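Please consult the sequence and the structure while reading.

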Amino acid sequence: MSLKLACVVVLCLLVDAPLAQGAISCDQVKSSLLPCVGYVRGNNARPAPPNCCKGIRSLKSAARIRLDRQAACKCIKSLAADISDINYGVAAGLPGQCNVHIPYKISPSIDCKRVK
């Protein structure tokens with residue numbers, strides 16, 4: 001559940017990343033978001049885990065071109081399909097918890113083809 005939400009959060013972050021060359025693998029997305037899974041599965045009032053925020057920032061900076069952001073989005077959606085019980089309210093607050101601005105609502109219905 002929380003990995004799904006974390007993936008959606010990361011997708012939103014990736015959409016806002018600066019343009020440059022690079023390549024993102026699903027393994028990279030998964031390992032970066034793994035520390036967020038437990039957090040997004042609860043009704044957390046506590047701060048997001050530092051390793052979760054570090055992973056989100058890392059993915060945002062790694063996804064520098066649109067194709068990378070779209071690839072990361074697809075990986076996130078695929079990973080999210082395997083996780084249940086994501087608290088989307090908590091997930092929506094994750095960027096703020098990590099002091100990362102994203103201009104998109106965290107949602108499982110994000111269309112990866114529209115990611116710029």
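Q: Which pattern do the disulfides of the protein follow, with bonded cysteines counted along the chain?
A: The model is predicted. A disulfide is a covalent bond between the sulfur atoms of two cysteines. Here the count comes to four disulfides. With the bonded cysteines numbered in order along the chain, their pattern is 1-6, 2-3, 4-7, 5-8.

Q: What is the handedness of the disulfide of cysteine 36 and cysteine 52?
A: The sulfur atoms of cysteine 36 and cysteine 52 are 2.0 Å apart, which is within the 2.5 Å required for a disulfide. The torsion about their S-S bond is about 105°, so this disulfide is right-handed.

Q: How many residues apart in sequence are the parts that cysteine 36 and cysteine 52 tie together?
A: Cysteine 36 is buried, with a relative accessible area of 0%, and cysteine 52 is likewise buried at 0%. Cysteine 36 lies in the loop between helix H2 and helix H3, whereas cysteine 52 lies in helix H4. The pair therefore ties together parts whose separation in sequence, in residues, is 16.

Q: Are cysteine 53 and cysteine 98 buried or exposed?
A: A disulfide joins cysteine 53 to cysteine 98, with an S to S distance of 2.0 Å. Its torsion is about -75°, so it is left-handed. Cysteine 53 belongs to helix H4 and cysteine 98 to the segment after helix H6, 45 residues apart. Both cysteines are buried.

Q: In which helix does cysteine 73 lie?
A: Cysteine 73 is joined to cysteine 112 by a disulfide with an S to S distance of 1.8 Å, and both residues are buried. The link is left-handed, with -80° about the S-S bond. Cysteine 112 lies in the segment after H6, and cysteine 73 lies in helix H5.

Technical notes. Residues numbered from 1 in each chain as written. Predicted model: local features only at pLDDT ≥ 70, side-chain atom pairs only at ≥ 80, totals over all residues. Heavy atoms only, no water. Helix = DSSP H or I, 4+ residues; strand = E, 2+ residues; numbered from the N terminus. Buried < 20%, exposed > 50% of the residue type's maximum accessible area, 1.4 Å probe, protein only.
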